[in-house]
Amino acid sequence: MWLSRQLRSAQGTAELPAADLGVTTISGDSAGVLARGEVRNLPVMGPGGFAWKPDNGTAALLIRGGTGAEECCVAGVEDPEGKDLEPGEVLIHSNGASIRLNNNGEIHLSGRLYINGEEYQAPVIGE
């Protein structure tokens, strides 16, 4: 009985589910999300080694935890840019640049490339 109560509370309650889909209302290090009500000053979490900030108006995954599901964080956003990825491929993008790692070993870079603060100028072949 104790175990079943613990599992139920870990899954959330009818009022506060363990996870919810909302829309970001405030972007930045402390985000705001409108789900079943607006929650502000949320930490933004992502995979290790990857930093990001959701844009305003983006569908976002809100995860709740803690004893009464009172602790929240933004864990991810819906991203239509990745719809044509094959399983196992990775796309990192912003509004002006992207890095795509394909399963066939190709790496596609889009945008201006800077190496150690200096813009890289690709050599022109044939001149």
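**Entry 1: Asn104 and the kind of model**

At a relative accessibility of 56%, Asn104 counts as exposed (over 50% relative accessible area is exposed, under 20% is buried and in between is partly exposed, with a 1.4 Å probe and protein chains only). I note that this is a predicted model, in which local features need pLDDT of at least 70 and side-chain atom pairs count only at pLDDT 80 or more, while totals for chains, interfaces and linings use all residues. Residues are numbered from 1 along each chain as its sequence is written, and side-chain values use heavy atoms, with hydrogens and water left out.

I looked up where Asn104 sits and found the residue in the loop between β7 and β8 (strands are DSSP runs of E with at least two residues, helices are runs of H or I with at least four, and both are numbered from the N terminus). I then checked Asn104 against Glu89: 15 residues separate the two in sequence, and 9.3 Å lies between their C-alpha atoms.

**Entry 2: Overall layout**

I recorded one helix and 10 strands for the protein. Read from the N terminus, the order of elements is α-β-β-β-β-β-β-β-β-β-β. Of the 127 residues in the protein, 19% are buried.

**Entry 3: The largest pocket**

I asked which residues lie nearest the centre of the largest pocket. They are Phe50, Asp79, Ile92, His93 and Ser94, out of 29 lining residues. A pocket here is an open set of points on a 1 Å grid over the protein atoms alone, where a 1.4 Å probe fits, with protein on both sides within 12 Å along at least five of seven lines; lining residues have an atom within 4 Å of a point. Strands β5 (71–77), β6 (90–93), β7 (98–101) and β8 (107–110) are the elements that each give two or more residues to this lining. The space in the largest pocket is about 780 Å³, a volume being what is filled by probe spheres set on the points.

**Entry 4: A nonpolar surface patch**

I next looked for nonpolar surface and found a patch of about 840 Å². Its members are Phe50, Val90, Ile92, Ile99, Leu101, Ile107, Leu109, Leu113, Ile115 and Tyr120. Such a patch joins nonpolar side chains within 5 Å, from residues with over 30% relative accessible area and no salt bridge; areas follow the Shrake-Rupley method with a 1.4 Å probe. Strands β6, β7 and β8 are the elements that give two or more residues to the nonpolar patch. I checked one member, Leu109, which lies in strand β8. Leu109 counts as exposed because its relative accessibility is 57%.

**Entry 5: Salt bridges**

How many salt bridges does a search of the whole structure find? The search gives five, each a side-chain nitrogen of Lys or Arg within 4 Å of a carboxyl oxygen of Asp or Glu. As background, side chains of opposite charge can pair when their charged atoms come close.

I examined three of these pairs in turn. Glu38 forms a salt bridge with Arg40, with 3.2 Å between the closest N and O atoms. Glu38 is partly exposed because its relative accessible area is 38%, whereas Arg40, at 51%, counts as exposed.

Asp84 and Arg100 meet through their side chains at 3.5 Å, N to O. This pair links distant parts of the chain, with Asp84 in the loop between β5 and β6 and Arg100 in strand β7, 16 residues apart. At 46% relative accessibility, Asp84 counts as partly exposed.

The side chains of Arg112 and Glu119 form a salt bridge at 3.0 Å, N to O. Arg112 is exposed at 60% relative accessible area, and Glu119 is partly exposed at 33%.

**Entry 6: Backbone notes**

I looked for positive phi values outside glycine. Asn41 has a phi near 55° and lies in strand β3 (residues 38–43). Its relative accessibility is 63%, so Asn41 counts as exposed. Asn116, also not a glycine, has a positive phi of about 50°. I placed Asn116 in the loop between β9 (114–115) and β10 (118–119), and its 78% relative accessibility makes Asn116 exposed.

Where does Gly96 lie? I found Gly96 in the loop between β6 and β7, and at 61% relative accessibility Gly96 counts as exposed. Gly96 and Ser110 are 14 residues apart along the chain, with 8.0 Å between their C-alpha atoms.

Conventions: Patch = residues over 30% accessible without salt bridge, like charges linked within 9 Å, V, L, I, M, F, W, Y side chains within 5 Å.
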